[in-house]
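Hello,

Here is the structure for you to look over. My notes on it follow below.

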Amino acid sequence: MGDNPQNENHKYLGKFAILFLISVLLIAVYTLILQKNYSESTLKAEVQRDSDCSDAIHKVITDKLTKEDFENINAKSDMKTDRYQKLQKNLNRAHLISHTLGHPLKKR
């Protein structure tokens with residue numbers, strides 16, 4: 001006696017269901033791996049860009065601010081001094097650089 005055609009259909013349907021579930025599982029695992037790698041590479045790129053920005057700002061500010069600047073600029077009237085104006089220009093330049101690099105300085 002031969003196999004019942006319904007049993008034969010159930011075997012194929014069962015095999016198809018298992019194959020489908022394995023495919024879905026593989027696609028899900030592949031997607032998670034891609035997402036993890038993308039997240040890591042994005043984070044590394046963001047950290048590098050932030051480091052580049054801070055280095056550029058550091059180059060602009062280095063040797064521009066001195067201890068005396070912090071000690072001598074205490075009141076609103078000090079904002080009219082030439083030294084304050086020069087420092088303000090340098091800080092504005094750093095602000096411009098941060099915008100150029102895509103990281104605007106946030107107002108707090």
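**What was found**

At 47% relative accessibility, Phe20 counts as partly exposed; buried means under 20% relative accessible area, exposed over 50%, and partly exposed in between (1.4 Å probe, protein chains only). Note that this is a predicted model, where local features need pLDDT of at least 70 and side-chain atom pairs count only at pLDDT 80 or more, while totals for chains, interfaces and linings use all residues. Residues are numbered from 1 along each chain as its sequence is written, and side-chain values use heavy atoms, with hydrogens and water left out.

Phe20 sits in helix 1, which covers residues 5–61. Helices (H or I, at least four residues) and strands (E, at least two) are DSSP runs, numbered from the N terminus. Phe16 is in helix 1 as well, four residues from Phe20, or about one turn of the helix. With a relative accessible area of 55%, Phe16 is exposed.

The whole structure contains one aromatic pair. Phe16 and Phe20 form this pair, which is stacked, at 6.4 Å centre to centre and with 25° between the planes. For such pairs, the ring centres of Phe, Tyr or Trp (its six-membered ring) lie within 6.5 Å; planes under 30 degrees apart count as stacked, over 60 as edge-to-face and the rest as tilted.

Both residues also belong to a nonpolar surface patch with Leu13, Leu21 and Val24, and the accessible area of the patch is about 540 Å² together. Patches are made of residues with over 30% relative accessible area and no salt bridge; like charges are joined within 9 Å, and nonpolar side chains (Val, Leu, Ile, Met, Phe, Trp, Tyr) within 5 Å. Accessible areas come from the Shrake-Rupley method with a 1.4 Å probe, and for residues only the protein chains shown count as cover.

**Asp78**

Asp78 lies in the loop between helix 2 (67–72) and helix 3 (82–100). Asp78 is buried but has no salt bridge, and the nearest side chain of opposite charge, Lys80, is 10 Å away. A salt bridge needs a side-chain nitrogen of Lys or Arg within 4 Å of a carboxyl oxygen of Asp or Glu. Lys and Arg count as positive, Asp and Glu as negative; His and the chain ends are not counted. Leaving aside residues up to four places away in sequence, Asp78 touches Asn72, Ile73 and Tyr84 (contact means heavy atoms within 4.5 Å).

**The chain as a whole**

The chain has three helices and zero strands. Of its 108 residues, 11% count as buried.

Regards
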